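Hi everyone, thanks for making time.

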Amino acid sequence: MDEKYFDEKIFDKKIEEIFKSYPFYSKNRINTFFNNNDVWFRKSLGQNFLIDKNIIRKIYKTLIEYKKDYKNFKIIEIGGGLGNISIILSNLCKNLFIIEIDKFYSSILKNIFEKNINSYDCNIKIIDKDLFDVDFENEIFKSSLTNENFIIFGAIPYNISSKIIELISKLKNNILLSFLIVQKEYYERIDIFNRISNINRRKNKEDKPSYLTIFVNYHFEINKLFHISKNSFYPIPKVDSTAFILKPKRSLLNKEDENKFFEFVSFCFSNKRKLILNSIKNYLKINKIDIDINYILKREELKSIKDW
């Protein structure tokens, strides 16, 4: 493999060249393009595009650090959109799979990469279908000789964020890590354990775990990266976002016990008016499970996935 492919200075220069030449980092040029094609944004698909070059540099710098350790990783991008991030990712990996549900944007992406704007040797496959209809085993993983070095990247819509993370959990044996951007409030629901474990932090009524908290912390290590202002996107959404990494954990339970565990967790959060500890007692009683729970009852909170 060409040594210059891993030269960070060459990468830095290339990224700056892309910023100067690629048209879709400018609001005016985006508007002109959309008006000429008589189309507009579909917010239901999360079509708020990241145009802030400083944030994109942060994304690039984060991924370049992983590149030093995993030189041959492959990237799966959820939602290519106008290609603002795709064109950066294509200069960081040897294989890029872009999943784009909107036919208009998938046609843009095909046109961009057919013209070979990226000068590095990246094999790019554009999959123009719904993410949840993708056959990952045959369409993506099967095309690779080494499955362990896949990275997922996506600025994902709020209304399907949980569904996407659930899908990633099913793919985690093939995934090195996932770099995700979600609404700030959604991220805070995921990362509650890290906040409530901070003894110096003032307690907040909102600092309560949920099924989502348990699910994500069971399957992944969570690493918060940086805050992203809503003004970094176009069109501007209503709320700010957070960039973070999910790194798969080895499952602690076999499949049968894992299903039972999440059945239990679901029961505990099924009645929002009940205290969690009361729900635990009820679950044990209903299922005729006779164990000593005095240790649990003495605790003020269940502050970690280990406690659960």
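Predicted model: local features only at pLDDT ≥ 70, side-chain atom pairs only at ≥ 80, totals over all residues.

Residues are numbered from 1 along each chain as its sequence is written, and side-chain values use heavy atoms, with hydrogens and water left out.

Now the sheet. Seven strands make an open, mixed sheet, in the order β4-β3-β2-β5-β6-β9-β7. Strands here are DSSP E runs of at least two residues, helices are H or I runs of at least four, and both are numbered from the N terminus. Two strands pair if DSSP finds at least two bridges between them. β4 (123-127) and β7 each have a single partner strand, so one side of each has no neighbour in the sheet. On average, neighbouring strands are turned by 15° against each other, direction ignored.

Let's look at some pairs. β2 (residues 74-78) and β5 (residues 150-155) run parallel, joined by five bridges, and Ile75 stands opposite Ile151 in β5. β9 (residues 241-248) pairs antiparallel with β6 (residues 175-183) over six bridges, and there Phe179 faces Ile245 of β9. β9 also runs antiparallel to β7 (residues 220-228), with eight bridges; Lys224 has Phe244 in β9 as its bridge partner.

On to the helices. α10 lies across β7 and β9, at about 110° to β7. α7 (residues 161-170) and α10 (residues 211-219) have axes that come within 11 Å and cross at roughly 30°. Axes are lines fitted to C-alpha atoms, for helices over the stretch in contact, and angles run from 0 to 180 degrees between N-to-C directions. The two helices are therefore roughly parallel, the label for angles under 35 degrees.

Which residues of α7 meet α10? They are Ser162, Ile165, Glu166 and Ser169, against Leu212, Phe215, Val216 and His219 in α10, where contact means heavy atoms within 4.5 Å. By class, that contact has four nonpolar, three polar and one charged residues. Nonpolar covers Ala, Val, Leu, Ile, Met, Phe, Trp, Tyr, Cys and Pro; charged covers Asp, Glu, Lys and Arg; the others, Gly among them, are polar.

Terms used:
Parallel < 35°, antiparallel > 145°, perpendicular 65-115°, else oblique.
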